[in-house]
Amino acid sequence: MAPSINSSKCVLVTGATSGIGRALALAIAALPSHPKVIGVGRRKDRLAGLKEAGIDAQEFDISADRAVTKSFVEGMIQKYPEIDTLVLSAGVQREIHFKKRVDLDAIATEMHINYFSILTMISYFMPHLLKIAASGQPCIVAPVTSGLAYIPAPWIANYSASKAALHSLCSSLRVQLEDTNISVIEISPPLVESELHDAEGTTETLSKLWMPLDEYTKETMKGLQKGDNVVCSGMAKIAYEKFEQPKEEMISELAKHAATHSK
Ligand SMILES: NC(=O)c1ccc[n+]([C@@H]2O[C@H](COP(=O)([O-])OP(=O)(O)OC[C@H]3O[C@@H](n4cnc5c(N)ncnc54)[C@H](OP(=O)(O)O)[C@@H]3O)[C@@H](O)[C@H]2O)c1
């Protein structure tokens, strides 16, 4: 069991300018424990809106290179030395059709934003989180994956692969950190009302199928407050429980064997 989000004192949320990230940032800020929430995104008007809602807003392009990300993380730690929780929701989604022209630059950017930038940010925050955790304050790292991490959608093949990679990273990171006070909570949404699909023009079709954002946020906050290791709902929950949950025990067992043999 992970610690409840109720014990978080300072939460940094990426992708906070719209959709799931924004809704979670607002819901976390409204918790009775009143944690400080820092919302990260690019769009200035949306960041201004967050400020009006009482959330500290920080402009940052998550597709930045390693050096820029390192300096952003260092700046955040300096400004908010009490950061103990990361909710990593920024993401993009692009269609890919191999029988047509494949835009490899767009594909590389999508993988970078959905996977490498998250791994990079976690790595740069880790020494800080280890220190905070050692002082007795529980820490949470909560990347946002997708139900498509478990069952890929072929027309968004690279997106699905990026989320499968992130899901795999969450499982490994959880085991690596199990002797610390840092928990890894994978937030895995089903199809949810948001702007994610606007770039591909599929919003109208998908809006007939998606889970309303309010309903999704309430359900996810329940999981975060309970301290579930994987917070998923709808189709994502069905797929996770059927295909992925059985693996989690095996991953722990494998890690125990590896630790025994390396002694
Ligand atoms: N909605 C769904 O159906 C669904 C399902 C499963 C998983 N997810 C995942 O949930 C997460 C949130 O998606 P959403 O549905 O809420 O979509 P959304 O409304 O489009 O939000 C995406 C967020 O990511 C931020 N972002 C994108 N590129 C960025 C960049 N280069 N630098 C900084 N921020 C960037 C955007 O902020 P700016 O544009 O202001 O930078 C925005 O706040 C994503 O990881 C997505 O893959 C969504």
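Reader: What radius of gyration does the protein have, and what would a compact globule with 263 residues have?

Author: The radius of gyration is taken over C-alpha atoms, and the globule rule is 2.2 Å times the number of residues to the power 0.38. For 263 residues a compact globule would come near 18 Å, and the protein has 18 Å, which agrees. This is a predicted model, in which local features need pLDDT of at least 70 and side-chain atom pairs count only at pLDDT 80 or more, while totals for chains, interfaces and linings use all residues. Residues are numbered from 1 along each chain as its sequence is written, and side-chain values use heavy atoms, with hydrogens and water left out.

Reader: How many helices and strands are there in the protein?

Author: Helices (H or I, at least four residues) and strands (E, at least two) are DSSP runs, numbered from the N terminus; the protein has eight helices and eight strands.

Reader: What share of the residues is buried?

Author: Buried means under 20% relative accessible area, exposed over 50%, and partly exposed in between, with a 1.4 Å probe and protein chains only. Of the 263 residues, 49% are buried. Phe-125, in helix α4 (residues 104-134), counts as buried because its relative accessibility is 0%.

Reader: Which residues does Phe-125 touch, not counting residues up to four places away in sequence?

Author: Contact means heavy atoms within 4.5 Å, and by that rule Phe-125 touches Leu-12, Val-73, Met-76, Ile-77, Ile-83 and Leu-86, when residues up to four places away in sequence are not counted. The C-alpha atom of Phe-125 is also separated by 8.8 Å from that of Lys-70, 55 residues apart along the chain.

Reader: How much space lies in the second largest pocket, and how many residues line it?

Author: Rolling a probe the size of a water molecule over the atoms shows where empty space is left. On a 1 Å grid over the protein atoms alone, a cavity is a set of points where a 1.4 Å probe fits but cannot get out, whereas a pocket is an open set with protein on both sides within 12 Å along at least five of seven lines, and lining residues have an atom within 4 Å of a point. Grid points are joined across faces, edges and corners, and a volume is the space filled by probe spheres set on the points. The second largest pocket holds about 600 Å³ and is lined by 30 residues, with Arg-174, Asp-228, Asn-229, Val-230 and Tyr-240 nearest its centre. Helix α8 gives the largest share of this lining, seven residues.
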